[in-house]
Amino acid sequence: MCLKPKILYLLLLLTGLWSCLGTELDRLAFVEVLTTKPRIEGLGKVTLLGEIKGLDLGQLNEYGFLYTTLNDNPKLNVANVQTIKLGTLSNNQPIQSPLLNLPPDGGTYYVRAYALYEGREIYGQVLSFSFEFAVLNEVNTFINGNQAIVQGSISGLSNLRDVLLERGHIVSTDSSQLRFDTLLKAPNYRLARKKGRVNDDGPFLDTLNDLPFNTRFYSRTYAITAARTIVYGKKTVAFDVRDGWRRIPGPGTSANEAVGFNAGGRGYFSMGCPDQLCDESTGLIMDLHTFTPPVTDTSKGAWKKGDNFLPFAARQKGVAFSIGEQAFVGLGQISITGLGLDYYAGIWRFDPASNAGQGAWTRMDNFPGVARSGACAFVIGSKAYVGSGERYDEIDNDLVYFDDFYEFNPQAARGSQWKAIAALPFRSPSTGLTSRDGRSGAVAFAIGNNGYVATGRFASTLLKDCWRYNPQTNAWSLMQDLPNEAGVRYNATGFSLRNRGFISGGEGFNSAFYRDLWEFNPSAGLQGAWEKRANFPGLPRSSAYAFTVGERAFVGGGNNILIENNQLVSRVFNDFYTYVPRNN
């Protein structure tokens, strides 16, 4: 067969080109770049692996690795793709490069080997790896007063055969400041650190103390690797420190059935018994202890035992209340060996600004009812309301309980400072019937323009009812009983803060002592409502003294019957606590 001249000429031309370029084309066709599985060496440490094949002639202009976390197809000169250049290469061989100080919680890394040959880019396949390490922030946070226990956990550390130098929590009221580089700018920040080498997975706990009440916090876990890389937890956990108690230094005096009051921006306590016997032989408390309250949720305040002794006879189970910048103390009883009980009706005014700031006492009109102990009092405006209580009747050999109540006006002329008001009703917890039986050991507090009296006892009947007194109508109205969960009680502690009333502690049947705290909201429904709050942190007790200064309550002393060495032992306390209620 004869080929036409044009076709023959074309074949000759192609043959010549092949003879000139064949060698170069062969070399390009067989240079191969392989990416092999990266070898993880520890936290943030990996060795990248690959191989160059088919490089029989010539030299690679450049070779190395590409990696990124943002692109599953990394290439040269692409944004957010990191390049590791390893130089030139003139023979086939495995290639590798260590990669250190990577964020071990950086997610998935994409890596590939590459080479440049005669201006041409040659890529290996894309592989991925991750350290599978995490510092986790657990959602559950345990709150106890102004203490928080935050939880974290370490995952993936044991598989990496590496160690941590430190782990912990960063806590602040600003969720955007939970990093070491911004920590000093963060408000109310806390750093809970656990130093020491850790080489295993698992949970860890951090305790944060003295946190401000009524505050929302944000928590974030962190860990520091052996290479001093900081790894942060991905999530931020929020928790609230609401109401709560904390123990602060007390006056150093045990006190049972004492009274507490505030005057002139300070708190005071006096009277009562230093032990359970509580008679004149043990020396009842006669000196006045003064407390300068803390100004923050983390400060402690200070007690001072004053030289201003009481100008009247020592006593227990008295009554105290404050009107304006002055306080009033009176009533009560004393046990005299061989003579029995003696009761008092006197009322004394304490003015802390008098006597060059040392305070002075002034006699007021006597309480107009029968002298008694175990009474209660509340203050509305410039007047106090005092009533209830008990007295031992030596003729009938029994306790008499009172329901009479009186209004006290310290601005009135001497001889006219008291007047009788409506008697306090009584509601039986078993029958629900209302009667005129009296009570003792009740708690009283005022909210707005009304006063409230709750709990107490009448003989062997313990109470949980609550009554509101309206001075405009001179009438008592039945409010919501203390809940069944709270039970009946007497000699509890009562106070009011932020338009709420509070009852804590007390004694129930069979010498059961309480440490719970109940908040009364008079605006909830027609009869108000009770809600449980943070338990008193000390031992259960009754007959504690209490006072409020500003928006904090302070509670101390009291008594309990404890089991020690299989015996019942009466205990009088000297510990002291402050309570901050929730914001309404």
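Ala, Val, Leu, Ile, Met, Phe, Trp, Tyr, Cys and Pro count here as nonpolar, Asp, Glu, Lys and Arg as charged, and the others, Gly among them, as polar. With these classes in hand, the open spaces of this predicted model can be described. The largest pocket holds about 1,000 Å³ of space. Its lining is made up of 41 residues, and those closest to the centre of the pocket are A320, A377, A444, G494 and A546. By class, the lining of the largest pocket comprises 24 nonpolar, 15 polar and two charged residues. Several strands take part in this lining: β19 (259-263), β23 (319-323), β29 (376-380), β37 (443-447), β41 (493-497) and β45 (545-549) each contribute at least two residues.

The second largest pocket has a volume of about 420 Å³. A total of 24 residues line this second pocket, and N144, G145, N146, Q147 and W245 are the ones nearest its centre. Two or more residues of the lining come from each of β10 (142-144), β17 (237-241) and β18 (244-247), and β18 gives the most, with three residues. In the lining of the second largest pocket, seven residues are nonpolar, seven are polar and ten are charged.

Searching the whole structure turns up one cavity of 30 Å³ or more. About 50 Å³ of space lies in the largest cavity, and the residues lining it are T493, S504, G505, F536, R541, A544 and V555. Three of the lining residues of this cavity are nonpolar, three are polar and one is charged.

The largest nonpolar core contains 34 residues, and L48, I52, L60, L102, F129, F133 and L164 have the most contacts inside it. At least two residues of this core come from each of β2 (45-53), β3 (62-68), β5 (93-99), β6 (109-117) and α2 (157-160). Of these elements, β6 provides the largest share of the core, five residues. For L164, leaving aside residues up to four places away in sequence, the contacts are L43, F133, I154, L157, G196, R197, V198, A223, I224 and T225. Another core of 18 residues lies apart from the largest one, and includes A375, A384, Y406 and W418.

A disulfide is a covalent bond between the sulfur atoms of two cysteines. The count of disulfides in this model is zero. C376 takes part in no disulfide, and the nearest cysteine sulfur, that of C466, is 11 Å away. For C466, likewise in no disulfide, the nearest cysteine sulfur is that of C376, 11 Å away. C376 counts as buried because its relative accessibility is 4%, and C466 is also buried, with a relative accessible area of 0%.

Two asparagines stand out in the backbone. N101 has a phi near 60°, a positive value in a residue other than glycine. This asparagine, N101, sits in the loop between β5 and β6, and N101 counts as exposed because its relative accessibility is 52%. N214 likewise has a positive phi, near 50°, in a residue other than glycine. The loop between β14 (202-208) and β15 (215-225) holds N214, and with a relative accessible area of 24%, N214 is partly exposed.

Definitions and conventions
Residues numbered from 1 in each chain as written. Predicted model: local features only at pLDDT ≥ 70, side-chain atom pairs only at ≥ 80, totals over all residues. Heavy atoms only, no water. 1 Å grid on protein atoms, 1.4 Å probe; cavity = no way out; pocket = protein on both sides within 12 Å on 5 of 7 lines; lining within 4 Å. Points joined across faces, edges and corners; volume = space filled by probe spheres on them. Helix = DSSP H or I, 4+ residues; strand = E, 2+ residues; numbered from the N terminus. Core = buried A, V, L, I, M, F, W, Y, C linked by side-chain atoms within 4.5 Å. Buried < 20%, exposed > 50% of the residue type's maximum accessible area, 1.4 Å probe, protein only. Contact = heavy atoms within 4.5 Å. Disulfide = S-S within 2.5 Å.
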